[in-house]
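Open the model in your viewer and keep the sequence panel beside it. The stops below say what to select next and what is there.

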Amino acid sequence: MDFHKRNDSVSHDVMLVKEAFPESGRVVMAKVDCDKESSIASRFHISKYPTLKLIRNGQPTKREYRGQRSADAFAEFITKQLKDPIQEFHDLKQLEKLDTKKRIIVGYFDRRDQPEYNNFRRVATNLKDDCQFHVGFGDSVLAMHPPGSPIVAFRPDVALSYENDETFKGSLSNYDELNIWAQEKCVPLVREITFENAEELTEEGLPFLILFHKPEDTDSIKDYKAIIVNDLISEKRKKRKLLTADGNRFAHPLHHLGKSLDDLPLIAIDSFRHMYLFPNFKDMYTPGKLKQFLQDLYSGKLHREFHYGPDVPIENPEDNQVHPVEKRDATSPPESTFKKLGPSKNRYTLLRDEL
């Protein structure tokens, strides 16, 4: 769906894409003049023009279209969206060799025409950007479920056997129930930021807590995620994003922090005004330290200390009293670099902050 201001030229390209997919009902293209339809624009949280959103199974997908504004690019994007989101396997041993870049959900069904499989397929279509979905039918999965009782399971770590899978306990006949469960499993508490998803992650302007790591350093990532889950599980509902970043790809923010690849791993906050460095990476393993670092951002302590230095009580030898902190000359913390990866003015004719 193309949300645009009146006379926006992108509508022409949308019509060309419609011609590329003439089959009735398979791809439906629509455009909304947000000058006239302000209530629709508000409903879909439109903050910039033109915005293109994909509506799937009656609901807007989490990620809007952010590619090149051309008919060919639109057509390529839609072709990818129409691709089957589920990979079928014919032997349980195939599940031992799955790609670990995305989380995994596996379905075990008697046959393809089961109503429960239709719900599984709809969920897979919704979440294919966050999870990889696999399915087996008939004799190949007889050992994994009772006949007539299909099973869907989430695999938290592909290196572990299927014995560690988390089975969906609800009704596979209930699409909404299955969809909510799958969303909770597929959308991780900690996400990796890349140049491909940076605009999406920065668009809300929420602070980032970021682990910068070397490309081959998987141990630090696992430890960081485990600590987040144990100490910061409530942070998923708060106004901040918990991320990892390949320090090789994001060398520019490291440079602003006065660091390089040799200094990794390290943790920092980008508040979208300034960047703040977690003093000692190993302190992450001390319970409460990482949470306190986040709390210091919102209390203003990080900002104050970067400007004026640590609050150090000084004693007056004349009256033997402790007086207010002594301030050093003001300094400036590094400016945010990730805010520059937000929506480009070259892509949109009007951005939220111009409204």
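**Stop 1: Phe168**

Select Phe168. Leaving aside neighbours within four places in sequence, Phe168 is in contact (heavy atoms within 4.5 Å) with Val152, Glu177, Leu178 and Trp181. Phe168 sits in the loop between strand 10 (166-167) and helix 5 (175-186). Helices (H or I, at least four residues) and strands (E, at least two) are DSSP runs, numbered from the N terminus. Is Phe168 buried or exposed? Phe168 is buried, with a relative accessible area of 9%. Buried means under 20% relative accessible area, exposed over 50%, and partly exposed in between (1.4 Å probe, protein chains only).

**Before moving on**

This is a predicted model: local features need pLDDT of at least 70, side-chain atom pairs count only at pLDDT 80 or more, and totals for chains, interfaces and linings use all residues. Residues are numbered from 1 along each chain as its sequence is written, and side-chain values use heavy atoms, with hydrogens and water left out.

**Stop 2: the whole protein**

Zoom out. The protein has ten helices and 17 strands. Of its 355 residues, 44% are buried. Take the contacts with a separation of 6 or more: residues 24 or more positions apart account for 70% of them. The protein exposes about 20,200 Å² (Shrake-Rupley method, 1.4 Å probe), and carbon and sulfur atoms supply 48% of that area.

**Stop 3: strand 13**

Select residues 241-246, which form strand 13. How many of its six residues are buried? The count is six of six. In a regular strand the side chains alternate between the two faces of the sheet. Colour Lys241, Leu243 and Ala245 for one side, and Leu242, Thr244 and Asp246 for the other; both faces are covered.

Next, show the partners; two strands pair if DSSP finds at least two bridges between them. Strand 11 (residues 190-192) pairs with strand 13 in the parallel sense over three bridges. Look for Val190 opposite Leu242. Strand 12 (residues 208-213) also pairs with strand 13 in the parallel sense, over six bridges. There, His213 stands opposite Asp246.

**Stop 4: two backbone exceptions**

Most residues other than glycine have a negative phi, and most peptide bonds are trans. Go to Pro265, in the loop between helix 8 (251-256) and strand 14 (266-270). The peptide bond from Leu264 to Pro265 is cis, with omega near 5°.

Finish at Phe272, in the loop between strand 14 and strand 15 (275-277). Phe272 is not a glycine, yet has a positive phi of about 70°. Phe272 is buried, at 13% relative accessible area.
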